[in-house]
Amino acid sequence: DLESHLQKCQQLSVTVLTDHQHLKNTELKTILNSTAPQQYRIRAKLRTYKPQKLYQSIKLHCSKCNSLQEVPDGDDFDCILRGSAVTAPNPELQNTSWYDSVMWTTQDQKQRKIAIHFVKHDEMLQQPEDTLLMIEGGTLKEVWKLTKRFKCVIPVRSNKDDLELLDLSAPFLLQGSIKYYGCKQCSTPKPIKSLSSIAAEQRPSWEPAEIAQVLGIELLQYVFIMKFTLVDGTGALNAYLFDY
C-alpha cells in the first residue's frame, strides 16, 4: 500500500523519478531560487511526509471559498442527531402531496418519536434502491440501517412551517457509506420542500450535486492531501499532493 511504499522510499538513499527523461537533473537550490512556473527533473531523497496516517490525508474542500476542513467523525454526527431528536416531529408536516410519512415511538425508556418521510414520484413510491427519504429523530445506528436499503437518506427536523436540514456540521445527505457535507460559509439552506422539484422530474436520479443545488448547499468535495519534504544536499523542497 501507499504507506509502506512511502516508508520504503524513506529508507532508500536516493529516489529517482523515471519520467521526463528529456530534462536534466536540477539541484533543489536552483529550483528554490527560481520563479514559478517552471518544469524540472530532480534527483532527491524523501526526508519526511505528512500526515503519518493516511486517513488523516482526507479533507473536505470547498471549491467556492477554497477552504479546507477536517472530516467530522461519527461521534459528532451522533451528537447532532441526538440533539435534534429532543424536538418531536411535527404531525402537521407529515403525509404531504410529495412524500408519505411513517411515525412510531421507540420501546426504550426515552420513547423517542421517529418519523420517516418517503419522497414520492408521480404520486407513487419508488423502489427502495431509487428512493430518497428523510428521517426525524433517528440515531446514527438507525440512519445507517436505512442507508443500506434506500438510495438516499437526509436527516431533518421539524420547525413550524417545514422540515429543515440539521446543522451543517452534520452531513446533509447519506448515500450508501458516503456522507455528503455542505460548506457552512457558502451555503444558504432552502426549505426541504425545494426537493419536490426533483421529485417532479421524469426520472429523478437523486444525484448529490443536484440535491445540494436545490437545497442551497455548496457541496464539499473529499480531497487527498499530502506534504513531502525532498532533500538533495543543496536544499530542502516541500512538495504537495492535492487530488480529488
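Is Glu70 buried or exposed? At 53% relative accessibility, Glu70 counts as exposed (over 50% relative accessible area; buried is under 20%, partly exposed in between, with a 1.4 Å probe and protein chains only).

This is a predicted model, where local features need pLDDT of at least 70, side-chain atom pairs count only at pLDDT 80 or more, and totals for chains, interfaces and linings use all residues. Numbering starts from 1 along each chain as its sequence is written, and side-chain values use heavy atoms, with hydrogens and water left out.

**View 1. Lys59 pairs with Glu70 in a salt bridge.** The closest N and O atoms sit 2.7 Å apart (a salt bridge is a side-chain nitrogen of Lys or Arg within 4 Å of a carboxyl oxygen of Asp or Glu). Lys59 is in strand 3 (residues 58-61) and Glu70 in strand 4 (residues 68-70), so the pair ties together parts 11 residues apart in sequence. Strands (E, at least two residues) and helices (H or I, at least four) are DSSP runs, numbered from the N terminus. Lys59 counts as buried at 17%.

View 2. Asp78 is buried at 18% relative accessibility, while Arg82 is partly exposed at 46%.

**View 3. Lys120 forms a salt bridge with Asp100.** Their closest N and O atoms are 3.4 Å apart. Lys120 lies in strand 6 (residues 113-121) and Asp100 in strand 5 (residues 99-105), 20 residues apart. Lys120 is buried at 14%; Asp100 is partly exposed at 28%.
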